[in-house]
Amino acid sequence: MTDQPYNFAYLDEQTKRMIRRAILKGLAIPGYQVPFASREMPMPYGWGTGGVQVSAAVLTPSDRFKVIDQGADDTTNAVSIRNFFRRTAGIEVTTKTTDATVIQTRHRVPETALHAGQVLVYQVPIPEPLRFLEPRETETRKMHALEDYGLMHVKLYEDISRHGHIATAYAYPVKVEGRYVMDPSPIPKFDNPKVSDCPAIQLFGAGREQRIYALPPYTRVVSLDFEDHPFEASKADHPCGLCGAEDSYLDEVITDDAGGRMFVCSDTDFCETRQAAGHRGKDAA
Amino acid sequence: MQTSTPLGGGFDTPATQAAMAFRALMEAMARPGHIETVTGATPPAPLSPAAGAALLTLCDAETPLYLAGPCDTPALRDWLAFHVGAPLVGPADCAFAVGTWADLQPLTDYSIGTASYPDRSATLIVELDDLGADGAVLRGPGIKDTAALSLPEKAAFQANTAQFPLGLDFIFTSGQRLAALPRSTEVL
């Protein structure tokens, strides 16, 4: 049921127009961070204010909306954002990846392949991939303008010289269509290959940092690497304890104080769908 | 249906109709060559319903607008003043421009953004007699292999793409249908 005192999808129309213009420019310049006048939302920064604003600007009354937080539909963040739009936009919500038309995500790409017509909205904490290498916005903006990404390669090289391999495991930098270096948000690098050549539209919203960027469908997204140290999408080397999947990203769950642990799919919908189809892992009850 | 007073012809339910029009615009911009249908706006002639819906959805007091050539009529100015409120300016200062392909020339008048802020570029809404998935072959982000779109010409869009990441973005409108061509698309 829609709470009548609110405009459709909470935000006022002028704010939505401003966000919509930023989304269109973002789609026209894949990987470029478009500044936008981020609003205060009824949730703290870091809880997805950017993603929520992008979702509010994108949702229509006929959408089915799904929210995941680290792959899970049932965590506080996911439940509260889903309820927020169920109340303020009166839209249908779902936990099924295949049924959803708009999916807001924090730090995961669903395991189930997305299809054309879907929109994936990422919550982004720090949109600037160069920020921890160069704190000044004036400088990083110049570096993007000049396509000066040597510093990022030095950082990856230093990883190799210190650890023997590229130790960046999440928010792994990518290059979009051979032009802009982009932060894919803190998704595990396991998810990076799914970002490239994806049939769905991918939108990235950073509320505190006031940036929106986007990837149109079928955009070429390459994880940065070296010829002799090629990019590798890594995951815990176990099958899922509940559904037995060997190709999904896993969470490690501590089960007791005696060293007991289990590995389970981080994507709850993927895991539940597999269990419903009869797949069982070694820890399944 | 054309309206006689400037008060009519806007969205009946602005929030939801603008949301649906935007989804059509976003799908069009994300999938160059893909043709969408938008409804809900009936602007005064000669503006098409699709161009009217695009202006209602994207423009407001923060977006300077250029009306090119014969579409700069008193009736349209009144309609825009009531429904959109965008300041009307010349091509050099506009964020959005609307008109036929011939009336919008020369393209060098419009802002293509700066190296630091390529998003500060104009979006041109080009009114076409007809819009079809044939003609120029397109390739680039948003297109699986290739797509086709009935562009008014090729050379101007090839020159525009060559400036990437700077450049203009185009929305083509005809009746209730629209398609888009961002600067990232290569016209073969």
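How much area do domain 1 of chain A and domain 2 of chain A bury between them, and what share of it is on carbon and sulfur atoms? In this predicted model, the two domains bury about 980 Å² between them, with 46% of that area on carbon and sulfur atoms.

**The two domains of chain A**

The domain assignment of chain A places residues 13-223 in domain 1 and residues 235-285 in domain 2, and the C-alpha centres of these two domains lie 26 Å apart. Domain 1 of chain A brings 15 residues to the contact, while domain 2 of chain A brings ten residues. On the side of domain 1, A:R108, A:E111 and A:F190 lose the most area to domain 2 of chain A, and together they account for 44% of what that side buries.

Between domain 1 and domain 2 of chain A there are eight residue pairs in polar contact, both residues of each pair being at pLDDT 80 or more. The side of domain 1 of chain A that touches domain 2 of chain A is made up of four nonpolar, five polar and six charged residues. Across this interface the rule finds one salt bridge.

**The interface of chain A and chain B**

The size of an interface is often given as the accessible area lost when the parts come together. For chain A and chain B, the area buried between them is about 3,300 Å², with 64% of it on carbon and sulfur atoms. In chain A, the residues that lose the most area to chain B are A:R21, A:L24 and A:K25, which together make up 19% of what that side buries. The contact involves 42 residues of chain A and 40 residues of chain B.

Across the interface of chain A and chain B the rule finds 15 residue pairs in polar contact, again with both residues at pLDDT 80 or more. Several elements of chain A each supply at least two residues of the side that touches chain B, namely α1 (13-28), β1 (34-35), α2 (49-58), α4 (137-145) and β8 (201-206). The element that gives the most to this side is α1(A), with twelve residues. By class, the side of chain A that touches chain B holds 26 nonpolar, six polar and ten charged residues.

**Salt bridges**

Over all chains, the count by this rule comes to 27 salt bridges, and five salt bridges are found across the interface of chain A and chain B.

| Salt bridge | N to O distance |
|---|---|
| A:R17 and B:D60 | 2.9 Å |
| A:R21 and B:D60 | 3.4 Å |
| A:K96 and A:D269 | 3.4 Å |

**A sheet in chain B**

Strands of a sheet pair through backbone hydrogen bonds, either parallel or antiparallel. In chain B, three strands form an open sheet in the order β6-β5-β9, with antiparallel pairing. Because β6 (147-149) and β9 (186-187) of chain B stand at the edges with a single partner strand each, one side of each is left without a neighbour in the sheet. Strand β5 of chain B, residues 136-139, is joined to β6(B) by three bridges, the two strands running antiparallel. Opposite B:L138 stands B:A147, which is in β6(B).

Note on methods: Residues numbered from 1 in each chain as written. Chains lettered and ligands numbered in written order. Predicted model: local features only at pLDDT ≥ 70, side-chain atom pairs only at ≥ 80, totals over all residues. Heavy atoms only, no water. Contact = heavy atoms within 4.5 Å. Buried area = accessible area lost by both parts, 1.4 Å probe. Salt bridge = Lys/Arg side-chain N within 4 Å of Asp/Glu carboxyl O. Polar contact = N/O pair within 3.5 Å; in protein donor to acceptor, adjacent residues only side chain to side chain. Helix = DSSP H or I, 4+ residues; strand = E, 2+ residues; numbered from the N terminus. Nonpolar A, V, L, I, M, F, W, Y, C, P; charged D, E, K, R; others polar. Pairing = 2+ DSSP bridges. Domains from an automatic or database assignment.
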